[in-house]
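Here's a quick briefing to read alongside the model. It starts with ligand surroundings and then moves on to helix packing.

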Amino acid sequence: MREVRIHGGLYIPDPDPPKEAHVELTTSCNLNCKFCYRQSWNERIGFMSEELFYHILDELEGFGVRDLWFSGWGEPTIHPKFEEFTKEASKRFNLGMITNGTTLMRKADLVSEHFSWVFVSVDVTDPEMYRNLRVGSSFSVVEEGIREVGGRDGADLWISTVLMRSTVDKLPNLIEWASEVGARGVLLSNLIATHPALAGEQIHAKVQPEEITRVMERVRTLSMLHHVRIVEPFFYYRTERRCPFVEEGSFAITFDGKVVPCLFTLHDYRAWIDGREVEVKQLVFGDLEEKGIEEIWWSPEYVAFRARVKIADYPSCNDCLLWEGCQIADSNEYDCWGNSPTCSFCPYYRGTVQCPRSYIARWVIGA
Ligand code: SF4
Ligand code: SF4
Ligand code: SF4
């Protein structure tokens with residue numbers, strides 16, 4: 001299906017195939033970060049099978065996908081077949097990865113040689129604060145791996161940082177450090193709280209908080225002085241809505257082969273958005289164990305969903321006066337305009353939350 005009717009009008013979707021896929025090799029991780037999505041979910045932990053991985057590579061290559069990211073809700077480098085998967089995927093795609101960096105030192109040769117982009121999650125450079133957030137990790141171990149990869153030719157190294165109220169005043173230190181370790185840029189994102197205790201850590205709001213305006217002025221100056229790029233999120237809700245996944249021809253695949261439109265709806269979990277609890281339901285448009293990616297991508301449901309996202313045919317819960325008490329907004333299953341599912345409270349849509357992706361890496365280096 002190549003066209004869709006919305007409110008009596010005819011919407012003709014972008015005829016191109018997707019450009020980028022986020023592939024979740026595993027939902028297992030060697031850390032237990034305080035703010036991880038996995039804190040509030042109850043799904044099984046799993047690893048992508050070899051058979052499914054190679055099937056996915058064939059499907060994506062055949063459909064014209066160019067960029068492949070090892071991402072999702074786990075640490076890709078702990079997959080037992082990580083090395084083999086990396087070598088094969090890099091022959092057929094531009095390869096990117098989001099990693100916690102704990103194994104980077106050991107895997108530096110492989111990473112430098114086969115990846116185009118590596119984003120390492122580091123939120124603060126104070127070792128004590130880092131250890132309290134990234135439970136199970138050590139700043140010095142991660143830093144060693146980062147310096148090793150940052151000092152080599154090959155993969156572009158980025159730092160990916162989640163901003164929180166308790167750590168944001170340390171951001172200038174992190175920018176200076178990122179430059180020193182050889183990072184090309186720092187991708188900043190606001191937090192999606194996945195525990196009630198973290199709800200107060202969300203910085204972005206209806207009006208940009210003054211403290212963040214002050215910190216960001218300093219951060220921008222430092223980024224210019226030290227030649228390290230920063231990619232900022234929005235810190236307040238603008239009227240504009242733009243889904244980075246739908247607009248940039250991107251989607252995600254879970255470790256067990258489900259095709260979902262984005263990382264926000266990769267699995268079922270609970271989140272505390274703008275102070276209230278919501279249920280985020282996994283949004284599956286097909287299963288690669290059963291159907292091909294072309295059939296899933298062009299299915300009437302997925303085409304109509306992307307069309308609605310593009311024309312912002314959803315209410316905006318984030319600045320609705322009824323948000324705190326609205327039961328319709330208890331989950332992304334429904335909204336008050338009759339949509340099901342809905343993107344009505346998604347922070348990616350408002351640009352307050354962002355994740356590593358090719359558009360950022362390419363756009364910033366001007367390729
Ligand atoms: S490294 Fe990532 S996947 Fe692992 S616990 Fe931390 S946030 Fe979760
Ligand atoms: S707007 Fe949000 S929920 Fe909807 S597809 Fe985009 S990232 Fe996913
Ligand atoms: S579903 Fe509608 S009424 Fe409820 S919070 Fe969202 S925008 Fe407001």
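**Ligand shells and a helix pair**

Around ligand 1 you'll find C29, L31, N32, C33, C36, R38, W73, G74, E75 and N100. Keep in mind that this is a predicted model.

**Ligand surroundings**
- Sorted by class, the ligand 1 shell comes out as five nonpolar, three polar and two charged residues.

**Helix 6 and its cover**
- Helix 6 spans residues 171–180, and its buried residues are L171, L174, I175, W177, A178 and S179.
- The cover over those buried residues includes strand 7 (156–163), strand 8 (185–190), helix 7 (210–225) and strand 9 (229–231).
- After helix 6 comes G182, which has a positive phi near 95°.

**Helix 6 against helix 7**
- The axes of helix 6 and helix 7 come within 9 Å and cross at roughly 15°.
- Angles under 35 degrees count as roughly parallel, so helix 6 runs roughly parallel to helix 7.
- The crossing of helix 6 past helix 7 is right-handed.
- On the helix 6 side, the contact uses L171, P172, I175 and E176, while helix 7 brings V215, R218, V219, L222 and S223.
- By class, the residues of this contact between helix 6 and helix 7 are six nonpolar, one polar and two charged.

Terms used
Residues numbered from 1 in each chain as written. Chains lettered and ligands numbered in written order. Predicted model: local features only at pLDDT ≥ 70, side-chain atom pairs only at ≥ 80, totals over all residues. Buried ≥ 20, exposed ≤ 12 C-beta atoms within 10 Å, placed from the backbone. Helix = DSSP H or I, 4+ residues; strand = E, 2+ residues; numbered from the N terminus. Contact = placed C-beta atoms within 7 Å. Near = placed C-beta within 6 Å. Nonpolar A, V, L, I, M, F, W, Y, C, P; charged D, E, K, R; others polar. Axes fitted to C-alpha atoms, helices over the stretch in contact; angles between N-to-C directions. Parallel < 35°, antiparallel > 145°, perpendicular 65-115°, else oblique. Left-handed = near helix turned anticlockwise from the far one by under 90°.
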